[in-house]
Amino acid sequence: MPTTLSKLSSLIGDSPTLKINAAARALKAAGEPVVHLGGGEPTYPAPQSAVDAIIQKAQSRKIKYSPSSGTPAMKQAVIAYTEKYYGRRFEPANVLISAGAKQALFNFLLAAVTEGDEVIFAAPYWVSYPEMIKIAGGTPVCVRPTEGLQVKAQQILDAVTPKTKAILLNSPCNPSGQIYSEEFIKTIVEFAEKNDIFLVMDDIYHQLVFDGNKTPNPCQYAKEGNNMVIINGVSKLYGLTGLRIGWAVAKRNDLIAAMGRMQAQSTSCNSDLSEVAACAALMGDQSCIADLCRVLQDNRNTLLEEVEKIPHVKVQKPQGTFYCFVDFSYYNASSAELAQYLLEKALVAVVPGIAFGADGYLRISFCADKASIVEGVRRIRWALDKTAPRELKIGDKIITRD
Ligand SMILES: Cc1ncc(COP(=O)(O)O)c(C=O)c1O
């Protein structure tokens, strides 16, 4: 008998989004004409500023360990970004640069949560929240909407107990694409500050918004904001997912220092190459963000047009991100079964809603190109329509439904 693995390892599940990406990639590698609408990254090319910086850095032939909590230049870039979008000026000691927003969030949980502490978040939620909270020894407390895709602020307040250590908000939200209202953010910010509960704003999509929408600025409603942690990164904003650079900004230096210790003792520091590229993206021409929003808004409109042709599904227009969270429960209450069926029969990858705490839904990404969006939804429609011909031609290939 091999020796046993840790108790923790048995408690932590796979990332369903990474799993679906791997399955779609494997099918593609085997030559199958898969349409991938499960992804979480814009296909947009990297900003030229980031590419130039990485080449210059590589050519210097100095690719070394970098300062553990981030380079001074990158911290200054994040300080300038935060001042521009949140209207608050921070110091370098308030900033931690990490390997993606994911590690920044993880560092926060490791630094702030003690065994038994509760962390509140709303469904539908980003797949990693419950697992990350569990790794940190905390208890995930999920608040579910009574209708639609958004919880009410009062529901969050009602979930607070003496054990609540943090409230975690993500707006616009992955997977729903919904933005919380000014009133919602104001209520939560004021409540968390008054009750000294950490408020973590996962703002990774805060600029990816459509139709003139604006993501409320939480700092506007904070007096001191000592309890607030703002998480962001370059992955979604510039399509630089591969760099793995994100950050946390918090007024409490002791929190940032503790998060920094978690990072220093685990990954040592960020990739030297990545950090200069991320810094250049932040300091470079920002028109790429507006361009990206235009493309995504257009893609969203196309996706909505196509999805609305599928009878019996319910859809709420995404206000931001690049995800649409569609209720397919009429066809199958098990989203995992439905997603598997669509991958096998229609060669379309989407992510089952159960991964986000909402079964019966499928998350369809619209960061793919338009042709893939149209083709993917056409195939979903065909796969669900029992009156359609059993066979569908895809290029030279014929796929057959049951
Ligand atoms: C809500 C949310 N937070 C954080 C992240 C992590 O982003 P990063 O690539 O910066 O680690 C993601 C990525 O999908 C996300 O959707």
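Mentor: Residues are numbered from 1 along each chain as its sequence is written. As this is a predicted model, local features need pLDDT of at least 70 and side-chain atom pairs count only at pLDDT 80 or more, while totals for chains, interfaces and linings use all residues.

Trainee: Why is the set around Phe108 and Leu109 called a nonpolar core?

Mentor: A nonpolar core is a set of buried Ala, Val, Leu, Ile, Met, Phe, Trp, Tyr and Cys residues joined through C-beta atoms within 7 Å. Buried means 20 or more other C-beta atoms within 10 Å of the residue's own, placed from the backbone. The largest such core here has 119 residues, with Phe108, Leu109, Ile231, Ala248, Ala278 and Val348 among those with the most contacts inside it. Helix H5 (residues 100-112) gives the most, with 9 residues.

Trainee: What makes Val200 a contact of Phe108?

Mentor: Two residues are in contact if their C-beta atoms, placed from the backbone, lie within 7 Å. Phe108 meets that with Val200, Val229, Ala248 and Met259, leaving aside its neighbours within four places in sequence.

Trainee: How do you know that strands E7 and E8 pair?

Mentor: Pairing takes at least two bridges found by DSSP between two strands. E7 (residues 228-233) and E8 (residues 246-250) have 5 bridges, in the antiparallel sense, so they count as paired.

Terms used
A residue is buried if 20 or more other C-beta atoms lie within 10 Å of its own, exposed if 12 or fewer, and partly exposed in between; C-beta atoms are placed from the backbone. Helices (H or I, at least four residues) and strands (E, at least two) are DSSP runs, numbered from the N terminus.
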